[in-house]
Amino acid sequence: MMTVSSLSIQAGWRNAHVSTRLPRLPPGVPLFRLLGPAFAVSIGYVDPGNFATDLGAGTFGYRLLWVVGLANVVAIVLQLAVSDLTLATGEEFGALIARRWKRYSCVAWLTFQGAAIATDLAEFSGIVLGTQLLFRWSLVESVAAGLLIVASVMLATGKSTKAFEYAMIVALGAICIACIYQIPFVHPAWHAVVFGALIPHLPNTQALVMAVGIIGATVMPHNLFLHSALVRRSMGSGGPPTTANPSHRRFFRSETLVALNVAAVVNAAILIVGAAVNSGGSFHHAFAVLQPLGGILGTAFGGALLLSGIAASLTATVSGDYIFRSLAPLRVTPVVRRAVTILPAAAVIAAGVSIPGILVWSQVVLALILPLALVPLVVLLREHRRGALLTALASLLCVTFDVVMIVQILHSS
């Protein structure tokens, strides 16, 4: 685990900085010990927001499967960029922002902490929907259960970043198996699946809106901070400071490709099931159709959604912890840092705010905040000569789609 090396105080505000170089891995440590960061990050790409947009895309049959692939390419470019930046500089993304833009570090903290909270709102919605589908619990019972589960996992893995990452690998694997398991039972039209995956096609303007929603729900600001922090911690401890060697870079790049492609498979499976059962974008309708088809299809669907909400809430909360630690003007315990992210989300949902509304407006907040993370990323990449052009193009595409999504939501509300 890494430690905070310095804390500078200016005008009553403090700027947290981490040590400026990656520690050297102990001699003889195999590369597989680095495994974990990208798989933890990939949970954010199969969260309840993705479930919602993938089911909604199923309204158009399989014709928007290609958008899942496009969203995955954009996500891979951005996650590779922030991982490479971390390995090149030895610093977390949040710490780089704090150092490069000292005057605005407090504003950055409030902004990105808000993104983590907005993300947790969407993730907790998945926990509530999942428990209600599977157990028919009340709203308060579902929120309480979600808090208890998330807190328990955090306590169990709190002293070990690797334990947290491995738990997320297991969660991603379980979600993937549950989603793929459903496909043979719904008998999709495979020729239409192949056509939708390979041939870009937008049948009407509503399909364009849904395509924008898929991409908007895929790329979220908190994942940039989470990936950077976890990559830095995966480099181990001990020894004099040093930067990563080429084998480390190749490993993290390969891991990112594998993990995010697994997430893309999950999203494609959800869309295929949604199209095959004519869910109309409704969780309850999809569950009601799957439940009587035999086996444990309904349980697999509800369980995948519930596990997605729990795991994604964990990653959002942990990313909020890292954002707080790097950018906040005050030092507090990890428990307080994580509570700042998760408790507001749980309180809003427990208060009875509409879950569909939460899913929609949390995406709007994240879409508004995303450029404030992507612009510093591109600037820092350019300063360190780390392939800023491709990242800038992916960022521009992502922001353009987000703008369209926001306009459409505001127009329809």
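Select Asn 267 to begin, and show its surroundings: leaving aside residues up to four places away in sequence, Asn 267 touches Tyr 45, Val 46, Asn 50, Asp 54 and Val 68, where a contact means heavy atoms within 4.5 Å. Asn 267 is found in helix H11 (residues 246-276); helices here are DSSP runs of H or I with at least four residues, and strands are runs of E with at least two, numbered from the N terminus. With a relative accessibility of 6%, Asn 267 counts as buried, a word used for under 20% relative accessible area, against exposed for over 50% and partly exposed in between (1.4 Å probe, protein chains only).

What you have open is a predicted model, in which local features need pLDDT of at least 70 and side-chain atom pairs count only at pLDDT 80 or more, while totals for chains, interfaces and linings use all residues. Residues are numbered from 1 along each chain as its sequence is written, and side-chain values use heavy atoms, with hydrogens and water left out.

Colour the chain by pLDDT next, the predictor's confidence in each residue from 0 to 100. The chain averages 86, and 90% of the residues score at least 70. Confidence is lowest in strand S1 (residues 4-10), at a mean of 35, and highest in helix H1 (residues 37-42), at 97.

Move on to helix H10 (residues 221-234), whose 14 residues reach 21 Å from the first C-alpha to the last, close to the 20 Å expected from 1.5 Å times one less than the number of residues. Of the 14 residues of H10, 14 are buried, so the helix is largely enclosed by the rest of the structure.

Finish in helix H13 (residues 297-327) by selecting Ser 319, which counts as buried at 0% relative accessibility. Apart from residues up to four places away in sequence, Ser 319 touches Ala 116, His 222 and Leu 226.
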